[in-house]
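Here are my notes on this entry.

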Amino acid sequence: MTDTAKLDQRFMRHALSLAGRGLGRTAPNPAVGCVIVKNGVIIARGHTMPGGRPHAERVALDQAGEAARGATAYVSLEPCSHTGKTGPCADALIDAGIARVVVAVGDPDPRVSGDGIAKLKAAGIDVTEGVEEAAADALNAGFFLKVTEGRPLFTLKMATSADGRIALASGESKWITGAEARQAGHMLRATHDAILIGAGTVLADNPALDCRIAGLEDRSPVRVILDGRLRTPVHSKLVATAGDIPTWIVTDKAHADRFDQYEDWGVDVIALDDPHDIQAVAQALGDRGLTRVLIEGGGQVHASFLKAGLVDRVAHFIAPKLIGGDGVAAIASLDLASLGAAPHLKLKHIRRLGPDILASYEKAE
């Protein structure tokens, strides 16, 4: 690897680190990082701000000012070339006098899709592509899925005993995992656009589904309840706090006469012909701009998404406890006819969290 390639890799990794700060806050836009370098020194940095604007490039260019002329910009995603609520970032880089742009990965959005890079090259800017591409792909996998398939990325989060149980037969589940694992679980919430559960979890646990990390309370994502029979109590914590944290209920159109009792509390009701059609649920969430959804439901919700082939990642927190066969399983029946039909995962990494373990997986291709 040449010295230039090593520097490109180093500065792009920094841009990707900045991009990661926006995960869970930039939807429907991607989370992007930008680093501007001149004479081997970082002179400005930026990442996409909450709500998706301003874009990372504009944040960094505003910091750099006139010093941007002749500098190199490292951008974790192809600069946009279309005019939305802000002007094209490709134009901003050109107007600022940037001499070279290093891009991690192209943007599949048909409004961009190569046009941003083409515009930079046409302006005489030296463009290098594909630096840390795999890492950039992984970081914005949710945005890419929304563009290409119309749905968000789904991460299945489970906190279980070593034998895969999420509760005793009595329903007792607090706490299977320890404090460090629970803290990591809240960090997952902070990096997703939404948390999804079923009505059964609302009835059993009356959860708040907020982010309880000091300093990150404002990172609590949208709460989504799958409730085909509209069983969610109006006095539940989720409904009562819908004015503070966005809360959506996905239910059947047949219950339209009862929607106002939830909407009066600020709940957004998403009415579907068949709320049990998980593909339709995924499309509805994508239509509303979600790019990353954390599934924290019970075994039936977990099984529904697995059977639909919509679990892209799994975050499995495992406690060194054994509950036994009478405990509540983390995943309900998948109705498998053979082992070959089982959902296959690829282990990405294992992390120790106090007495517990976090095993992270991706769907095997």
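1. Burial first. Buried means under 20% relative accessible area, exposed over 50%, and partly exposed in between (1.4 Å probe, protein chains only). Ser220 is buried, at a relative accessible area of 16%.

2. Basis. The model is predicted: local features need pLDDT of at least 70, side-chain atom pairs count only at pLDDT 80 or more, and totals for chains, interfaces and linings use all residues. Residues are numbered from 1 along each chain as its sequence is written, and side-chain values use heavy atoms, with hydrogens and water left out.

3. Ser220 in place. Ser220 sits in the loop between helix H8 (199-205) and strand E9 (222-226). Helices (H or I, at least four residues) and strands (E, at least two) are DSSP runs, numbered from the N terminus. The Ser220 side chain reaches the backbone nitrogen of Cys211 at 2.8 Å. Neighbours within four places in sequence aside, Ser220 is in contact (heavy atoms within 4.5 Å) with Asp210, Cys211 and Ile245.

4. Cysteines. A disulfide is a pair of cysteine sulfur atoms within 2.5 Å. The count is zero. Cys34 is in no disulfide; its nearest cysteine sulfur, that of Cys89, is 8.6 Å away. The sulfur of Cys80 is 3.7 Å from that of Cys89, too far for a bond. Cys34 is buried at 0%, and Cys80 is buried at 8%.

5. Sheet. Five strands form an open, mixed sheet in the order E2-E1-E3-E4-E5. Strands E2 (41-47) and E5 (126-129) stand at the edges, each with a single partner strand. Pairing requires at least two DSSP bridges between two strands. E3 (72-75) and E4 (100-103) pair in parallel over four bridges; Tyr74 has Val102 in E4 as its bridge partner.

Notes
A polar contact is a pair of N or O atoms within 3.5 Å; within protein, one must be able to donate a hydrogen and the other to accept it, and residues adjacent in sequence count only if both atoms are side-chain atoms.
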